[in-house]
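Please examine the sequence and the three-dimensional structure shown below. The paragraphs after them are intended as a guided reading.

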Amino acid sequence: MDVRNLSFSSRAAVGDQFNWAYELEDMGYAGWEIVQEGSQTLSDENIHLVREISETTNLTLTMHLPFSDMNLAGLNKGIHDEIMRQMKKCLDMGSDFVNLAVVHPGYLSPYGSQVQDQAWKKNVESIQQLCDCAADMGIVIAVENMPRMPKIYGMNPDEMLVILKDVNRENAGITLDVGHANTNGFVDEFVEKCLGKIKHMHIHDNHGKRDEHLPLGQGTVDWKKFMESISGYKGMMVTEMMNLDEGRQCIEFLKSL
């Protein structure tokens with residue numbers, strides 16, 4: 001298994017912001033996905049640390065835009081305006097380092113459930129705004145498919161394709177999250193229907209019912225079959241793990257295939 005396009009992201013709230021990223025190349029990783037959550041969020045105080053990593057390593061950096069308390073389909077104008085401000089600020093902060101940013105689609109709030117056409121329109125318009133902002137920075141916006149959750153957009157490949165069609169931006173694509181797809185039973189179907197639109201991937205495992213984020217090989221995803229089915233894919237594949245030890249387990253598993 002060729003792991004030259006393998007990247008790592010820590011989904012844990014890490015106390016030591018970024019020093020651990022210097023270990024990634026020695027482990028065999030080629031990239032690092034900066035998750036804009038908690039202590040990993042870029043700021044004026046820590047941006048110099050990321051710049052140093054970018055300049056002193058060969059890691060390809062990508063960004064995961066914030067997702068906690070962020071609803072792109074939200075219809076409360078004041079809150080939604082703040083969400084968009086924060087996401088655009090993240091893009092601006094990362095514009096010197098990344099050429100791709102991952103974003104979660106929105107979900108139906110209690111009010112949005114009553115006016116679903118408005119919520120869908122707001123979700124699409126929000127992604128369009130992010131794409132337009134990112135285009136000026138040379139950044140692709142890759143919308144991520146979602147796990148089995150109530151009232152959230154993007155759980156199946158057909159809806160993901162409709163989102164891209166409605167967004168209608170050249171710098172919009174899909175982040176295929178294989179673990180998320182597995183919770184909905186759509187791993188094969190995402191590859192069959194969306195491969196040409198997939199710009200980025202997240203890889204982790206589960207047992208098909210909930211989003212466990214297990215190291216590869218510890219759940220029910222058929223990784224050998226999956227890797228064979230995406231043989232022409234050239235983008236980054238990001239292991240979303242709790243810690244570096246789980247990241248090492250993923251590399252060893254992939255090498256064994």
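Predicted model: local features only at pLDDT ≥ 70, side-chain atom pairs only at ≥ 80, totals over all residues.

Residues are numbered from 1 along each chain as its sequence is written, and side-chain values use heavy atoms, with hydrogens and water left out.

An unreviewed UniProt entry carries the annotation "domain: Xylose isomerase-like TIM barrel" for residues 23-256. Such UniProt positions are given in the numbering used here, with shortened feature names, and annotations may be inferred rather than shown by experiment. The span of residues 23-256 is 42% helix and 16% strand, and its end C-alpha atoms lie 22 Å apart. Helices (H or I, at least four residues) and strands (E, at least two) are DSSP runs, numbered from the N terminus.

Strand β2 comprises residues 31-35, and five of its five residues are buried. Here, buried means under 20% relative accessible area, exposed means over 50%, and partly exposed lies in between (1.4 Å probe, protein chains only). On one side of β2 are G31, E33 and V35, on the other are W32 and I34, and all of them are buried. Strand β1 (residues 6-10) pairs with β2 in the parallel sense over two bridges; two strands pair if DSSP finds at least two bridges between them. The bridge partner of S7 in β2 is G31. Strand β3 (residues 60-64) runs parallel to β2 and is joined to β2 by five bridges. In β3, H64 is the bridge partner of V35. Between β2 and β3 the chain passes through helix α2 (residues 47-56), and this β-α-β crossover is right-handed. A crossover is right-handed if, with the strands pointing away from the viewer, the path from the first strand over the helix to the second runs clockwise.

S7 counts as buried because its relative accessible area is 1%. The side chain of S7 also takes part in polar contacts: it reaches the backbone oxygen of G31 at 3.1 Å, and one of its polar atoms lies 3.0 Å from the backbone nitrogen of W32. A polar contact is a pair of N or O atoms within 3.5 Å; within protein, one must be able to donate a hydrogen and the other to accept it, and residues adjacent in sequence count only if both atoms are side-chain atoms.

Attention now turns to strand β8. Five of the five residues of β8 (residues 237-241) are buried, so this strand is largely enclosed by the rest of the structure. M237, T239 and M241 point one way from β8, whereas V238 and E240 point the other way. Five bridges join β8 to β1, and the two run parallel; S10 stands opposite M241 in β8. Strand β7 (residues 198-203) also pairs with β8 in the parallel sense, over three bridges, and M201 stands opposite M237. Together, β7, helix α8 (residues 223-229) and β8 make a right-handed β-α-β unit.

The interior may be considered next. In soluble globular proteins, nonpolar side chains tend to be buried together. A nonpolar core is a set of buried Ala, Val, Leu, Ile, Met, Phe, Trp, Tyr and Cys residues joined through side-chain atoms within 4.5 Å. The largest such core here has 73 residues, of which L24, W32 and F226 touch the most other members. Helix α4 (residues 116-135) supplies the largest share of this core, eight residues. Residues up to four places away in sequence not being counted, F226 touches L176, V178, V187, V191, M201 and M237.

V50, in helix α2, counts as buried because its relative accessibility is 0%. Among the residues touched by V50 are W32, I34, L61 and F97. V50 and F97 are 47 residues apart in sequence, yet their C-alpha atoms are 8.2 Å apart in space.

Most residues other than glycine have a negative phi. D69, in the loop between β3 and α3 (77-94), has a positive phi of about 65°. D69 is exposed, with a relative accessible area of 71%. K151, in the loop between β5 (140-144) and α5 (157-167), likewise has a positive phi, near 60°.

Notes:
Contact = heavy atoms within 4.5 Å.
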